[in-house]
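Visitor: Please take me through one part of this model up close, and then show me how it ties into the rest. I like to have the cut-offs spelled out as we go.

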Amino acid sequence: DTAAPFERQPRAVGMYSFAQSAEIRNLTLTDSSITSMLSNDVPAATLIASASPDTILDNITVAGDVIGEDFTGGIVGTLSDFDSTGFDGSVLWQDIAYTGVVQSPGTSGGILGMVYVNVEQSELTMQDVQSHGTILDSSLSGGIIGGAMSDAAISLRNANSDMNSTVTCSDGAGGLIGVTAVGTVAIEDSA
């Protein structure tokens, strides 16, 4: 018996499957298209499918569409450490804009699909972010963040979204955040 090449399934689908300790600044993507037909629990996004907490995003503009099965975001699919046990510290994402269609039967967000943070001292701050377009077929959706299963603090500052959802989300929908479980949320100057 010999193993076939490429036997291992990818665990994330995006321009970058994984970003760890990455710094992405001053980037514009137009006419982007990402399609993932992989199983549930596989994140998908136009830019980064799965980002570690020390990933820096600054001055990012993306126009395009993404289709995933779960944890699907316009720009980032999931924010978590790679073994899903959470992270300790804080992260700031700023000056981010997404325009397009996010489609997934699972959890979807205009900017970020899902946050996994299991340390109470952690904080995610998204500042000067906006999303425009449509979320299709999602069971859980948010204009900025689809879901946050988190003990951390999440802060949205000057976050704006006019993402439309074309179906009734069975597990929850929110203009900015679809659902949060534990943790705290602070929203300033946002709509």
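Guide: Let's start with strand β6 (residues 72-73) and strand β9 (residues 107-109), which pair in the parallel sense over two bridges. Within that pairing, Gly73 has Gly109 of β9 as its bridge partner. Strands here are DSSP runs of E with at least two residues, helices are runs of H or I with at least four, and both are numbered from the N terminus. Two strands count as paired if DSSP finds at least two bridges between them.

Some ground rules: this is a predicted model, so local features need pLDDT of at least 70, side-chain atom pairs count only at pLDDT 80 or more, and totals for chains, interfaces and linings use all residues. Residues are numbered from 1 along each chain as its sequence is written, and side-chain values use heavy atoms, with hydrogens and water left out.

Now follow the chain into the loop between β8 and β9, where you'll find Ser104. Ser104 is buried, with a relative accessible area of 0%; buried means under 20%, exposed over 50%, and partly exposed in between (1.4 Å probe, protein chains only). The Ser104 side chain makes a polar contact with the side chain of Thr72, at 3.5 Å. A polar contact is a pair of N or O atoms within 3.5 Å; within protein, one has to be able to donate a hydrogen and the other to accept it, and residues adjacent in sequence count only if both atoms are side-chain atoms. Leaving out residues up to four places away in sequence, Ser104 touches Gly68, Glu69, Asp70, Thr72, Leu136, Asp137, Ser138 and Ser139, where a contact means heavy atoms within 4.5 Å.

Leu136 on that list leads us to β11, where Leu136 stands opposite Gln103. Strand β8 (residues 90-103) and strand β11 (residues 123-136) pair in the parallel sense over 13 bridges. β11 also pairs with β14, again parallel, over eight bridges, and there Leu124 has Ile154 as its bridge partner. Further along, two bridges join β11 to strand β15 (residues 164-165), also running parallel, with Thr134 opposite Asn164.

Take Trp93: not counting residues up to four places away in sequence, Trp93 touches Thr55, Leu57, Val76, Leu79, Leu112, Thr125, Met126, Gln127 and Val129.

Glu188 and Arg157 meet in a salt bridge at 3.9 Å, N to O. Glu188 lies in strand β18 (residues 184-188) and Arg157 in strand β14 (residues 153-161), so the pair ties together parts 31 residues apart in sequence. Here a salt bridge is a side-chain nitrogen of Lys or Arg within 4 Å of a carboxyl oxygen of Asp or Glu. Glu188 is partly exposed at 40% relative accessibility, and Arg157 is partly exposed at 30%.

A search of the whole structure finds three salt bridges. Glu23, Arg25 and Asp58 are linked in a network of them: Arg25 meets Glu23 with the closest N and O atoms 2.7 Å apart, and Arg25 meets Asp58 at 2.7 Å, N to O. Asp58 lies in strand β5 (residues 56-67) and Arg25 in strand β2 (residues 23-35), so this pair bridges parts 33 residues apart in sequence.

Among contacts between residues at least 6 apart in sequence, 82% join residues at least 24 apart.
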